[in-house]
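Hello,

Here is the structure I promised to pass on. Please have it open while you read the notes below.

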Amino acid sequence: MSVKRIVWIGGFCLVLAVTGVVLTSARNVAPDAVTKATEGYNVYRGELAYLTDGKYPGNSDNPGVFQWENKGILVFELPEPVAIAEVRIYVGENPASFIVTLFLGAKLGADGQSRDPEGEQKGCIENYDFVTHQWVSFRPDAPVIADYVQIETIGGPEIYEVEILTEDGNAVQPSSWGFIKSRFFH
Ligand SMILES: [Ca+2]
(Lines give C-alpha, C1' and ligand atoms only; values in the text may rest on other atoms or scores of the structure.)
Protein backbone atom coordinates (compact mmCIF):
# COMPACT_ATOMS: atom_id res chain seq x y z
CA MET A 1 0.00 0.00 0.00
CA SER A 2 1.41 3.35 -0.96
CA VAL A 3 2.18 6.02 1.57
CA LYS A 4 -0.27 8.30 -0.19
CA ARG A 5 -3.08 5.75 0.18
CA ILE A 6 -2.26 5.16 3.85
CA VAL A 7 -2.39 8.89 4.48
CA TRP A 8 -5.73 9.12 2.66
CA ILE A 9 -7.25 6.25 4.67
CA GLY A 10 -5.87 7.72 7.88
CA GLY A 11 -7.42 11.05 7.10
CA PHE A 12 -10.73 9.42 6.32
CA CYS A 13 -10.70 7.59 9.64
CA LEU A 14 -9.90 10.82 11.40
CA VAL A 15 -12.91 12.45 9.75
CA LEU A 16 -15.08 9.54 10.88
CA ALA A 17 -13.76 9.83 14.41
CA VAL A 18 -14.43 13.55 14.56
CA THR A 19 -17.87 13.07 13.04
CA GLY A 20 -18.58 10.38 15.61
CA VAL A 21 -17.71 12.74 18.41
CA VAL A 22 -20.05 15.35 17.00
CA LEU A 23 -22.89 12.88 16.56
CA THR A 24 -22.61 11.40 20.02
CA SER A 25 -22.22 14.71 21.82
CA ALA A 26 -25.21 16.44 20.16
CA ARG A 27 -28.46 15.40 21.77
CA ASN A 28 -32.07 16.27 21.07
CA VAL A 29 -33.77 17.26 24.32
CA ALA A 30 -37.07 18.43 22.83
CA PRO A 31 -38.81 15.15 23.84
CA ASP A 32 -37.84 15.89 27.45
CA ALA A 33 -39.69 19.21 27.46
CA VAL A 34 -43.18 20.12 28.49
CA THR A 35 -44.60 21.40 25.23
CA LYS A 36 -47.43 23.86 24.95
CA ALA A 37 -49.12 25.95 22.29
CA THR A 38 -50.50 29.36 23.09
CA GLU A 39 -54.24 29.32 23.49
CA GLY A 40 -57.08 31.75 23.17
CA TYR A 41 -56.42 33.73 20.03
CA ASN A 42 -54.55 31.25 17.88
CA VAL A 43 -56.03 28.09 16.42
CA TYR A 44 -54.10 25.03 15.33
CA ARG A 45 -54.74 21.58 13.93
CA GLY A 46 -52.89 18.40 14.76
CA GLU A 47 -51.34 17.25 18.01
CA LEU A 48 -48.49 18.68 20.05
CA ALA A 49 -47.14 15.15 20.33
CA TYR A 50 -46.38 15.18 16.58
CA LEU A 51 -43.70 17.83 17.21
CA THR A 52 -41.39 15.52 19.14
CA ASP A 53 -42.29 11.99 18.01
CA GLY A 54 -39.24 11.79 15.75
CA LYS A 55 -41.31 11.38 12.58
CA TYR A 56 -41.08 13.71 9.61
CA PRO A 57 -41.12 13.42 5.80
CA GLY A 58 -38.06 11.47 4.81
CA ASN A 59 -38.14 9.02 7.71
CA SER A 60 -41.88 8.32 7.94
CA ASP A 61 -44.52 7.54 5.33
CA ASN A 62 -47.29 9.35 7.16
CA PRO A 63 -45.95 11.74 9.81
CA GLY A 64 -48.44 13.79 11.81
CA VAL A 65 -48.49 17.51 11.15
CA PHE A 66 -49.07 20.44 13.48
CA GLN A 67 -50.25 23.65 11.83
CA TRP A 68 -51.25 27.07 13.02
CA GLU A 69 -54.20 28.63 11.18
CA ASN A 70 -52.14 31.79 10.81
CA LYS A 71 -49.77 32.49 13.69
CA GLY A 72 -48.94 31.18 17.10
CA ILE A 73 -46.32 30.41 19.71
CA LEU A 74 -44.96 27.08 20.82
CA VAL A 75 -43.02 26.76 24.06
CA PHE A 76 -40.76 24.00 25.34
CA GLU A 77 -40.00 24.04 29.05
CA LEU A 78 -36.98 21.85 29.85
CA PRO A 79 -36.50 20.21 33.26
CA GLU A 80 -33.16 21.97 33.78
CA PRO A 81 -30.77 24.30 31.96
CA VAL A 82 -28.80 22.85 29.07
CA ALA A 83 -26.35 24.26 26.53
CA ILE A 84 -28.49 24.71 23.43
CA ALA A 85 -26.42 24.67 20.25
CA GLU A 86 -29.24 24.53 17.71
CA VAL A 87 -33.00 24.48 17.39
CA ARG A 88 -34.35 23.10 14.16
CA ILE A 89 -37.83 22.75 12.77
CA TYR A 90 -38.99 20.50 9.93
CA VAL A 91 -41.48 22.54 7.92
CA GLY A 92 -43.91 21.41 5.23
CA GLU A 93 -46.31 23.57 3.23
CA ASN A 94 -46.93 27.28 3.83
CA PRO A 95 -43.81 29.47 3.94
CA ALA A 96 -43.52 31.30 7.25
CA SER A 97 -41.28 33.44 9.41
CA PHE A 98 -39.91 32.24 12.74
CA ILE A 99 -38.50 33.85 15.87
CA VAL A 100 -36.84 31.47 18.33
CA THR A 101 -36.15 32.94 21.77
CA LEU A 102 -34.15 31.17 24.48
CA PHE A 103 -34.84 31.88 28.15
CA LEU A 104 -33.22 30.87 31.42
CA GLY A 105 -35.34 30.53 34.54
CA ALA A 106 -38.66 30.85 32.73
CA LYS A 107 -41.63 28.69 33.63
CA LEU A 108 -45.01 27.98 32.13
CA GLY A 109 -47.70 29.85 34.01
CA ALA A 110 -50.31 27.83 35.87
CA ASP A 111 -53.01 29.55 33.82
CA GLY A 112 -51.38 28.49 30.57
CA GLN A 113 -50.06 31.94 29.79
CA SER A 114 -46.71 31.34 28.24
CA ARG A 115 -45.70 34.12 25.89
CA ASP A 116 -42.58 36.11 26.81
CA PRO A 117 -42.34 34.52 30.25
CA GLU A 118 -40.47 35.91 33.20
CA GLY A 119 -36.90 34.76 33.20
CA GLU A 120 -33.77 35.99 31.53
CA GLN A 121 -33.70 36.15 27.74
CA LYS A 122 -30.43 34.55 26.66
CA GLY A 123 -30.74 34.50 22.90
CA CYS A 124 -32.98 35.24 19.95
CA ILE A 125 -32.62 33.91 16.40
CA GLU A 126 -34.92 34.97 13.57
CA ASN A 127 -35.49 33.36 10.18
CA TYR A 128 -37.23 35.01 7.25
CA ASP A 129 -36.17 32.60 4.50
CA PHE A 130 -39.75 31.37 4.05
CA VAL A 131 -38.61 27.92 2.96
CA THR A 132 -40.79 24.81 2.74
CA HIS A 133 -40.30 21.03 2.93
CA GLN A 134 -36.98 21.06 4.79
CA TRP A 135 -35.33 21.66 8.15
CA VAL A 136 -35.09 25.29 9.22
CA SER A 137 -32.08 25.76 11.52
CA PHE A 138 -31.61 28.28 14.30
CA ARG A 139 -28.06 28.46 15.67
CA PRO A 140 -26.83 30.94 18.27
CA ASP A 141 -23.28 32.17 17.75
CA ALA A 142 -22.26 29.95 20.66
CA PRO A 143 -24.23 27.42 22.74
CA VAL A 144 -26.70 29.19 25.03
CA ILE A 145 -27.52 27.97 28.54
CA ALA A 146 -31.30 27.95 28.67
CA ASP A 147 -34.25 25.92 29.94
CA TYR A 148 -37.12 27.39 27.95
CA VAL A 149 -37.52 27.72 24.19
CA GLN A 150 -40.20 29.90 22.60
CA ILE A 151 -40.97 29.52 18.89
CA GLU A 152 -43.07 32.30 17.42
CA THR A 153 -44.25 31.95 13.86
CA ILE A 154 -46.36 33.88 11.38
CA GLY A 155 -47.68 32.37 8.18
CA GLY A 156 -49.34 29.16 9.32
CA PRO A 157 -46.55 26.72 8.49
CA GLU A 158 -46.96 22.98 8.64
CA ILE A 159 -44.58 21.74 11.33
CA TYR A 160 -43.59 18.08 11.44
CA GLU A 161 -40.84 18.06 14.05
CA VAL A 162 -38.92 20.27 16.45
CA GLU A 163 -35.46 19.37 17.74
CA ILE A 164 -33.56 21.16 20.50
CA LEU A 165 -29.94 20.07 20.20
CA THR A 166 -27.47 20.36 23.05
CA GLU A 167 -23.75 19.80 23.16
CA ASP A 168 -23.67 18.23 26.60
CA GLY A 169 -24.20 14.54 26.98
CA ASN A 170 -26.01 13.91 30.21
CA ALA A 171 -27.56 17.07 31.65
CA VAL A 172 -31.10 15.87 31.05
CA GLN A 173 -32.50 12.42 31.68
CA PRO A 174 -35.03 11.32 29.08
CA SER A 175 -38.66 11.33 30.16
CA SER A 176 -41.57 9.50 28.65
CA TRP A 177 -44.19 11.44 26.78
CA GLY A 178 -46.80 9.96 29.11
CA PHE A 179 -45.03 11.46 32.10
CA ILE A 180 -44.87 14.84 30.40
CA LYS A 181 -48.52 14.75 29.48
CA SER A 182 -49.57 13.68 32.94
CA ARG A 183 -47.52 16.46 34.43
CA PHE A 184 -49.33 19.08 32.43
CA PHE A 185 -52.75 17.68 31.61
CA HIS A 186 -53.96 16.10 34.83
CA1 LIG B 1 -43.06 14.54 14.12
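F130 counts as partly exposed, because it has 14 C-beta neighbours inside 10 Å. In this predicted model, F130 lies in the loop between β7 (120-127) and β8. Its phi is positive, near 55 degrees, and F130 is not a glycine.

N94 also has a positive phi without being a glycine, at about 75 degrees. N94 is found in the loop between β5 and β6. There are 16 C-beta neighbours inside 10 Å of N94, so this residue is partly exposed.

Next, G46. This glycine sits in the loop between β3 (44-45) and β4 (66-68). G46 is partly exposed, because 16 other C-beta atoms lie within 10 Å. G46 and F66 are 20 residues apart along the chain, yet their C-alpha atoms are separated by 4.5 Å. Beyond its neighbours within four places in sequence, G46 contacts G64, V65, F66 and Q67.

Now the core. The largest nonpolar core has 36 residues. Those with the most contacts inside it are I84, I89, A146, Y148, V149, I159 and I164. At least two core residues each come from β5 (71-91), β6 (97-104), β8 (134-138), β9 (144-154) and β10 (158-166). Which strand gives the largest share of this core? That is β5, with 10 residues.

Not counting residues up to four places away in sequence, I89 touches F98, W135, V136, I159 and V162.

Best wishes

Definitions and conventions
Residues numbered from 1 in each chain as written. Predicted model: local features only at pLDDT ≥ 70, side-chain atom pairs only at ≥ 80, totals over all residues. Core = buried A, V, L, I, M, F, W, Y, C linked by C-beta atoms within 7 Å. Buried ≥ 20, exposed ≤ 12 C-beta atoms within 10 Å, placed from the backbone. Helix = DSSP H or I, 4+ residues; strand = E, 2+ residues; numbered from the N terminus. Contact = placed C-beta atoms within 7 Å.
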